[in-house]
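Here is a friendly briefing to read alongside the model. Please have the sequence and the 3D view open as you go.

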Amino acid sequence: MAAIEMVGKRKNNNIWLGVVGVCVLFILSLPTLIVIPMSFSGASYLEFPPESWSFRWYESYFGSSEWMRSTKTSLLVAFLTTLIATPLGSLAAYGLTFTSARVRNASQLLVVIPILVPVILIAIGVFHLYAKLGLNYTITGIVIAHTSLAVPFVIITVLAGLKNYDFNQELAARSLGASRPRALLTITLPQVKFSIQTGALLAFITSLDEVVVSMFVSGGENATITRRMFNSLRDQVDPTIAAISTCLIFVSVSALVTVIIFNRNQNKDQS
Amino acid sequence: MNIVTNNHLEGVNSKALAKARRKEGRLFFNLSLPSLITILIVVFIPVFWLSSLSFFDRAGVFSWENYDRIFQSQLYIKTFIVTLKISFITLFFCILLGYPLCYWLSQLPDRLAGILMVFVLLPFWTSILVRTYAWLVILQRNGIINDTLISIGWIDEPLQLAHNLTGSIIGMVHILLPFFILPLFASMRSIDTNFIRAAISLGSTPRGAFWRVFFKMSLPGFFAGTVLVFVLALGTYVTPALLGGGKIQMLAQRIDSTIMLYSNWGAASALGVVLLILAFATIWIFNRAFGIDKLFMR
């Protein structure tokens, strides 16, 4: 009887397991946050904890026309990628739920491959495809490349959302006289909108944080911020990067918090 | 009852219905074409083209010479060994850190586990560059780890933690760990604890119940995480490039430098093909055992 109690949910008395768990959570989330205090350091080299505080690295970031230009490029590319990948991916997920299991599985395999193929191969391949088309170093080129990397995340997220959706509701609407597009827009869409929004945010972050493909197909006037950061990190550890990193962390945390709020609202709606 | 109804239907219009369903399926498949075609053009065709270069010599004639060359060159053999070594070590630490964490989380009340999962999702949503940069800061000669160890007197000289193999592995474990945790946690979540109670009430020890019931039932998530971590580790570019200090060359960087520095497309392409074969063999085995959709699920 005692043994049964021991493995029962909520009665885990393995203290060491909790200690290990908490340690791993710390290792996962704390190290990244170190760049936030570093970014307010007054010293011209990296020291922790900083002995003096200043905004000089933010001034160096926001005052640099090069950093600002690549920030604008990255934000524009991420925005356009989201705008294209979200409807494309959502439609694909909707369409795939009606196909036979075989077609669906084959398509899913096709969809997860961009995530699993070593990205350096995609980068070199796309670079040479673009060289023939004259798309290298153009916003259009970067957006197309990022869209194909972001679309799988939208499809996976929306497919998961549709899995929990009862399609009989759409059938009911149609049997009551709604056209198919109308049933989709007024009945299905509002109920999976949280997963579509989550997919959109994932697409935005995927594009904003993408490094390797951007290293190859972006550049010149249209260098993304990740390309510039990577090159600057390879040369020397410039504290300006700490200020930029802090801004990027802020964007990631905002996106994650938004997703968590979506999820909570969704659960509230369903219960 | 159901069977009777179906038989009845079959007599009337089941063939027409099935045909209509197939037609509908084909019609709706078209909705996914824009996405699939984009992926095809930007991912499949370029990668396929790049791979095809490995089967031709410099004169453009079909030959295996690129493969002969890469398997005879000490440099390339070393790259394969380093890549596999780093990938297996990374996987080992992801399992070592990830499994206990997931087990612990899966035993907590849903609400608390949900809150704690935010600490797993936070790095997942944060830029790889930012995370690598943070490790560069932490692991450097006068970084927080060396400073702490020196001030408490454990070491006299700073340890070489970054710009080498150690740094690369630390960074890669940090970046890939969420990919192990997410599928494993989802898998453990769906295990009904009553099975474990049942095993124990039937005479199993708690340890035996854990290994024979719980561990076995968590295997789909365990292998999904394993495949994700291993495949992504094989193709890693950014982390060893920044934390390896130029000393660690994994396959992805070797492919890059073989083309960018030496313009040796044939050899780079052959390396790429071997990398793809390693990755897809891993995925193929998983697909046969569990199905590809288990790789990214819920």
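Helices (H or I, at least four residues) and strands (E, at least two) are taken as DSSP runs, numbered from the N terminus. On that basis chain A has 13 helices and 0 strands. This is a predicted model, in which local features need pLDDT of at least 70 and side-chain atom pairs count only at pLDDT 80 or more, while totals for chains, interfaces and linings use all residues. Residues are numbered from 1 along each chain as its sequence is written, and chains are lettered from A and ligands numbered from 1 in the order in which they are written.

**Chain A overall**
- The C-alpha trace of chain A spans about 70 × 70 × 30 Å along its principal axes.
- Of its 271 residues, 45% count as buried (20 or more other C-beta atoms within 10 Å of the residue's own, with C-beta atoms placed from the backbone; 12 or fewer means exposed, and values in between partly exposed).
- Contacts are pairs whose C-beta atoms, placed from the backbone, lie within 7 Å. Among those in chain A between residues at least 6 apart in sequence, 74% join residues at least 24 apart.

**Where the chains meet**
- In all, 80 residues of chain A are in contact with 75 residues of chain B.
- Helix H6 (residues 101-116) of chain A gives the most to the side of chain A that touches chain B, with 11 residues.
- That side of chain A has 57 nonpolar, 19 polar and 4 charged residues. Here Ala, Val, Leu, Ile, Met, Phe, Trp, Tyr, Cys and Pro count as nonpolar, Asp, Glu, Lys and Arg as charged, and the others, Gly among them, as polar.

**Nonpolar cores**
- A nonpolar core is a set of buried Ala, Val, Leu, Ile, Met, Phe, Trp, Tyr and Cys residues joined through C-beta atoms within 7 Å.
- The largest has 153 residues, of which A:Ala123, A:Val126, A:Val213, B:Leu176 and B:Val229 touch the most other members.
- Helix H9 (residues 165-189) of chain B gives the most to this core, with 14 residues.
- Domain 1 (1-55) and domain 2 (70-296) of chain B both give residues to this core, so it lies between them; the domain bounds come from an automatic or database domain assignment.
- Apart from this core lies another, of 6 residues, including B:Ile196 and B:Phe214.

**Helix H10 of chain B**
- The buried residues of H10 (residues 194-201) of chain B are B:Ile196, B:Ala199 and B:Ile200.
- These residues lie on the same side of H10(B) because they cover an arc of only 95 degrees around the axis, the arc being that of the directions from the helix axis to the C-beta atoms.
- After H10(B) comes B:Gly203, with a positive phi near 110 degrees.

Key
Contact = placed C-beta atoms within 7 Å.
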